[in-house]
Amino acid sequence: MNRHERKEDEVRRLLSAGRPQVPGDLAARAVARGVRLLRRDRALRRIGWTLLALAAVAFLVWASVARPWEVPPTDVTPPLEGF
């Protein structure tokens with residue numbers, strides 16, 4: 001018996017077994033789970049955006065204090081040549 005025949009036999013067995021019993025409250029449980037998942041996703045998205053905004057504010061504060069675009073002052077004067 002090759003692999004294809006085994007799969008076909010398994011599918012035939014599953015189809016001939018009949019329908020399984022489904023709990024009566026399955027739809028209500030599915031809706032409740034979906035609501036929980038949506039609430040969790042919404043909370044995670046809000047937390048993510050909040051963290052991103054805080055990181056942007058922290059970067060702006062650091063940049064305004066440190067001014068990394070300016071050349072730092074030199075502590076040593078350059079040699080005077082050709083005088």
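**Exercise 1. Which residue does Arg12 meet in a salt bridge?** Find the partner, then describe where the pair sits.

*Solution.* Keep in mind as you work that this is a predicted model.
- Step 1: Look at the side chain of Arg12; it meets the side chain of Glu8 in a salt bridge, at 2.8 Å from N to O.
- Step 2: Recall that side chains of opposite charge can pair when their charged atoms come close.
- Step 3: Arg12 and Glu8 are 4 residues apart in helix α1, so about one helical turn separates them.
- Step 4: Check the surroundings. Arg12 counts as exposed because its relative accessibility is 53%, while Glu8, with a relative accessible area of 34%, is partly exposed.

**Exercise 2. Describe helix α1 and what follows it.**

*Solution.* 
- Step 1: Helix α1 covers residues 3–16, which makes 14 residues.
- Step 2: From first C-alpha to last, α1 reaches 20 Å, close to the 20 Å expected at 1.5 Å a residue.
- Step 3: The number of buried residues in α1 is 0, so this helix lies largely in the open.
- Step 4: Gly18 follows α1 and has a positive phi, near 95°.

**Exercise 3. Which residues gather in a patch of positive charge, and which form a nonpolar patch?**

*Solution.* 
- Step 1: For positive charge, pick out Arg33, Arg36, Arg39, Arg42, Arg45 and Arg46, which gather on the surface.
- Step 2: Take Arg33 from this group: it lies in helix α2, and its 51% relative accessibility is why it counts as exposed.
- Step 3: For the nonpolar patch, find Leu44, Ile47, Leu51 and Leu54 on the surface; together they have about 410 Å² of accessible area. Leu44 has its place in helix α2.

**Exercise 4. How many salt bridges does a search of the whole structure find?**

*Solution.* 
- Step 1: The search finds 3. Among them is the pair of Arg40 and Asp41, at 3.8 Å from N to O.
- Step 2: Arg40 counts as partly exposed because its relative accessibility is 48%; Asp41, at 33%, counts as partly exposed too.

How values were computed:
Residues are numbered from 1 along each chain as its sequence is written. This is a predicted model: local features need pLDDT of at least 70, side-chain atom pairs count only at pLDDT 80 or more; totals for chains, interfaces and linings use all residues. Side-chain values use heavy atoms; hydrogens and water are left out. Patches are made of residues with over 30% relative accessible area and no salt bridge: like charges are joined within 9 Å, nonpolar side chains (Val, Leu, Ile, Met, Phe, Trp, Tyr) within 5 Å. Accessible areas come from the Shrake-Rupley method with a 1.4 Å probe; for residues, only the protein chains shown count as cover. A salt bridge is a side-chain nitrogen of Lys or Arg within 4 Å of a carboxyl oxygen of Asp or Glu. Lys and Arg count as positive and Asp and Glu as negative; His and the chain ends are not counted. The place of a charge is taken as NZ of Lys, CZ of Arg, CG of Asp or CD of Glu. Helices (H or I, at least four residues) and strands (E, at least two) are DSSP runs, numbered from the N terminus. Buried means under 20% relative accessible area, exposed over 50%, partly exposed in between (1.4 Å probe, protein chains only). The expected span of a helix is 1.5 Å times one less than its number of residues.
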